[in-house]
Amino acid sequence: MKVTISHIKADIGSLPGHTTVFEPVVDAVEDYIKSNGKNIISDYRISHIGDDIQITMVHNHGVDNPDVHGLAWNAFKAGTEVAKKYGLYGAGQDLLKDAFSGNVKGMGPGVAEMEITPRKSEPFIVYMMDKTEPGSFNYPIYKMFGDPFNTPGLVIDPNMHAGFKFEVWDIIEGKRIMLSLPEQTYDLLALIGSKGRYVIKRVYTKEEHTKLPAENVAVISTDKLSFIAGEYVGKDDPAAVVRIQSGLPAAGEALEPFANSYLVSGWMRGSFNGPLMPVGIKNSRMTRFDGPPRVAALGFVLKDGRLAGPVDMFDDIAFDYARTKALEMADYLRRMGVFEPHRLPDDDMEYTALPKILEKLSSKFEKLSDLNELKEVQ
Ligand code: F6R
Ligand code: MG
Ligand code: MG
């Protein structure tokens, strides 16, 4: 029988700024799921990173199910009541629509979900990022499922040798394309290097996969808040679910991309490049310059609708070096202040005072052609 893993997350208020979730709010979300989820889901776990509350659910209702999405929506509503009571910063900020319409997509929360045929043992990892955007998953997901220098299984495990299919979304024009690896590796990389526009949405096994039917093995949330609110209201702090082992990346291959702290867009005011730091949940407070951007990874095993875990995968000394490197990069970048490439290009910034400044200064600009200056630059 098919089983669905639904991971739904939202920022419904934090303290003191966009730093961290507040325990009574997390408890209110959990209490709601515990009391109302019995006939809808078979198991769940609540977690958090930075200012985002994260709900991992297991059930038999398939993706986009109104009862499952409604459960998460109402749990976030219940949490928002508590956030409002304490006057938390940004209380209810990701619940952008007033009424639930059957699906949380397009309403603010981020969703990563997939319906799968569970294996005898079904291990998977949930990744949660804060202070960054969905395209930040492009690099690690490609490494896991496409790069043999990261995942030697692609070369030495006969069950993986056929490669994988990648579903890529153009989030600006609202289009998608399927690309098959390894044959179309260069085409894929040509797109996903532009991580603010082309984002990996799903990865599938191929027909010729020796262990699994052609089905979804990785999914990333891509719910662009900018489109929902009609104006840019924030980078949307993505989450992902990745199945592992037995013909899929081993747990270690699925963690390996994060050993190299790479640069992502987000950080302070969603307007800066910064290093993505892998952390255990206990280190998931956003402090320095509201960051640096972080990723946590929770390892689970699913059996008969029940979850074992999570294991807090980056809560380990093996990632200390990546963290040290990230902090060195953060220090280096911070010295640049508001200069690119630390600060993002104008179009990618969440906040910009530039239009107002240009308006104020417009009458004071002098045309170079009216002066003799232009001759020198011609
Ligand atoms: C970035 C983020 C924070 C805020 C910053 C200013 O995604 O959430 O860096 O942008 O703390 O927040 P406001 O404008 O709400 O005071
Ligand atoms: Mg926030
Ligand atoms: Mg956040």
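Trainee: By class, what is in the shell around ligand 1?
Mentor: This is a predicted model. The shell around ligand 1 holds five polar residues, four charged and one nonpolar.
Trainee: Which residues come nearest?
Mentor: G17, H18, R269, G270 and D290, out of ten around ligand 1.
Trainee: On to annotations. Where does UniProt put "binding site"?
Mentor: An unreviewed UniProt entry gives D11, H18, D51 and Q93. These span 83 residues in sequence, but no two of their C-alpha atoms are more than 11.0 Å apart, so they gather at one spot.
Trainee: Take H18. Where does H18 lie?
Mentor: In the loop between β1 (3–10) and α1 (23–36).
Trainee: Is H18 buried or exposed?
Mentor: Buried, because 24 other C-beta atoms lie within 10 Å and the cut-off is 20 or more.
Trainee: What is H18 in contact with, leaving aside neighbours within four places in sequence?
Mentor: D51, Y89, G90, M286 and D290.
Trainee: And where is D51?
Mentor: D51 sits in the loop between β2 (43–49) and β3 (52–59). D51 counts as buried, with 29 C-beta neighbours inside 10 Å. Beyond four places in sequence, its contacts include D11, H18, D130 and M286.
Trainee: Which other residues does UniProt list for "binding site"?
Mentor: K235, D236 and D237, again from the unreviewed entry.
Trainee: Where is the place of D236?
Mentor: In the loop between α6 (225–229) and β10 (239–243).
Trainee: Buried or exposed, that D236?
Mentor: D236 is buried, with 27 other C-beta atoms within 10 Å.

Notes. Residues numbered from 1 in each chain as written. Chains lettered and ligands numbered in written order. Predicted model: local features only at pLDDT ≥ 70, side-chain atom pairs only at ≥ 80, totals over all residues. UniProt positions renumbered as here; feature names shortened; annotations may be inferred. Helix = DSSP H or I, 4+ residues; strand = E, 2+ residues; numbered from the N terminus. Buried ≥ 20, exposed ≤ 12 C-beta atoms within 10 Å, placed from the backbone. Near = placed C-beta within 6 Å. Nonpolar A, V, L, I, M, F, W, Y, C, P; charged D, E, K, R; others polar. Contact = placed C-beta atoms within 7 Å.
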